[in-house]
Amino acid sequence: MQSKKWLQNLDWYLIGAVCILAVFGIICIASALHFNLGEGTSEVYKQIVFFVIGLGLMVVAANVDYEYFSQYYIPIYFINIVLLLAVFVLGNESNGATRWIAIGPLTIQPSEFAKVMMIFFLAKFISLHQSKMTRLDFFLKLCVISGIPILLVLKQPALSASLVLVAIFCILVFVAGIDIIWVRNVAIVAVPLIAFILFDVSRENPLIMDKIFEPHQFNRILSFVDPTANPDLYYQTEKSINAIGSGQLTGKGLFQGTLNQLSYLPEPHNDFIFSVIGEEFGFLGCIFTLGLLLFVVFRCIIIALSTRDTFSQLIVVGVAGMFAFQTFVNAGVATGIVPNTGMSLPFVSYGGSSMIISMAAIGLLLSVYDEEEKQQLLDAEPPEKRRSDLRVVGSRRWQQ
């Protein structure tokens with residue numbers, strides 16, 4: 001009986017959209033890895049396993065009392081820091097970056113786990129001190145606390161993951177009620193700063209940017225500012241745009257993408273999975289993918305609007321912002337509207353840590369949604385029945 005009520009309280013629209021995206025992603029990964037030619041079959045099976053594990057974690061997270069675990073928000077923050085520090089001691093280096101930790105046959109990416117941990121910690125910390133959001137000293141304290149994991153991720157280096165953490169921070173403090181004057185002041189500083197960065201990168205002899213950014217990061221920004229300065233640096237973006245454009249309206253068909261099947265696309269199963277979708281499924285395939293991701297974000301916003309406490313609302317908004325930002329950057333890189341930086345497309349790109357954390361985040365949202373549904377049912381009951389239910393709930397929580 002309890003399981004039936006729990007199933008009824010689930011947001012099946014959200015679950016359905018996520019599962020469709022994941023299955024569609026597996027199909028696109030199979031094409032990107034030339035599954036039809038017998039190449040890269042192991043990664044496809046791995047992604048299926050990641051999805052199944054993610055489904056299991058989603059169910060577990062949906063049944064977890066997130067309010068109970070919120071009392072451990074400080075230990076969660078330090079666990080996050082320890083994991084990020086462990087990368088520098090136990091991490092495996094690949095392509096000049098140390099981002100992964102091998103645990104037996106598994107390889108985890110702590111920067112992916114940092115996203116949800118940071119959402120959970122900031123949501124609780126801000127909800128406990130929301131009255132201080134308009135104070136400068138508290139805002140600076142938030143910046144320092146959030147800046148530590150961001151800098152650790154950036155040091156790996158993992159620029160894309162650090163940008164996601166920055167986006168999460170900005171979204172949460174904005175929703176929590178930061179003084180709009182501060183937003184204006186930050187914009188006054190940020191806009192000229194971004195303009196200077198782009199100007200300095202494009203100079204023949206940069207003043208300072210080549211000393212701040214890692215060489216590969218500097219080159220990626222340079223290729224975005226001036227593609228003709230070094231065509232080799234713009235190769236990835238150029239091939240991606242060509243692939244998407246060649247798909248036209250309906251695409252060339254599954255396993256029929258010329259640039260994809262002939263291995264002209266860089267990282268087609270991960271960072272440039274959107275290019276595979278554009279070439280083989282066309283404009284309609286791109287709209288389908290972005291539409292489903294937009295629907296996921298939309299459902300998150302609906303859940304956030306229905307929540308009755310700041311902590312729950314900030315959790316949902318943080319997850320929605322994470323998905324929205326990653327989608328924008330991944331599609332933006334593939335179409336050349338933002339500088340090239342490796343970022344996965346939620347639920348679609350290949351990657352165990354990304355898939356598992358994304359599914360766990362959905363489970364956390366389902367837990368919030370379930371709690372709100374129960375509260376609405378409780379409010380609709382007669383006062384006598386409501387008092388009885390409250391005593392039962394209170395007794396159960398005390399026993400836990």
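Throughout these legends, buried means under 20% relative accessible area, exposed means over 50%, and partly exposed is in between, with a 1.4 Å probe and protein chains only. This is a predicted model, where local features need pLDDT of at least 70, side-chain atom pairs count only at pLDDT 80 or more, and totals for chains, interfaces and linings use all residues. Residues are numbered from 1 along each chain as its sequence is written, and side-chain values use heavy atoms, with hydrogens and water left out.

**View 1. E112 sits buried in helix α6.** Helices (H or I, at least four residues) and strands (E, at least two) are DSSP runs numbered from the N terminus. Helix α6 spans residues 110-128 and includes E112. The relative accessible area of E112 is 9%, so the residue counts as buried. What does E112 touch, once its neighbours within four places in sequence are set aside? Its contacts (heavy atoms within 4.5 Å) are S353, S354 and I357.

View 2. A123 is buried, because its relative accessibility is 0%. Although A123 and S312 are 189 residues apart in sequence, their C-alpha atoms are 7.6 Å apart.

**View 3. The largest cavity is lined by residues from α5, α6 and α7.** On a 1 Å grid over the protein atoms alone, a cavity is a set of points where a 1.4 Å probe fits but cannot get out, and lining residues have an atom within 4 Å of a point. Grid points are joined across faces, edges and corners, and a volume is the space filled by probe spheres set on the points. The structure has two cavities of 30 Å³ or more, and the largest holds about 50 Å³. Its lining is made up of I76, Y77, N80, M117, M118, F121, L122, I145, S146 and P149. Helices α5 (73-90), α6 and α7 (136-154) each give at least two of the lining residues. Which helix supplies the largest share? That is α6, with four residues.

**View 4. Helix α12 keeps its buried residues on the same side.** T237, K239, S240, A243, I244 and G247 are buried in α12. They lie on the same side of α12 because they cover an arc of only 165° around the axis, taken from the directions from the helix axis to the C-beta atoms. The packing partners of these buried residues are α13 (258-261), α14 (273-306) and α15 (310-335). Just after α12, Q248 has a positive phi of about 55°.

**View 5. A102 is partly exposed in strand β2.** Strand β2 takes in residues 97-103, A102 among them. The relative accessible area of A102 is 42%. A102 and G91 are eleven residues apart in sequence, with 7.1 Å between their C-alpha atoms. Not counting residues up to four places away in sequence, A102 touches N92 and T107.

**View 6. C170 is in no disulfide.** A disulfide is a pair of cysteine sulfur atoms within 2.5 Å, and the whole structure has zero of them. For C170, the nearest cysteine sulfur belongs to C143, 8.6 Å away. C170 is partly exposed at 42% relative accessibility, whereas C300 is buried at 0%.

Definitions and conventions
On a 1 Å grid over the protein atoms alone, a cavity is a set of points where a 1.4 Å probe fits but cannot get out, and a pocket is an open set with protein on both sides within 12 Å along at least five of seven lines; lining residues have an atom within 4 Å of a point.
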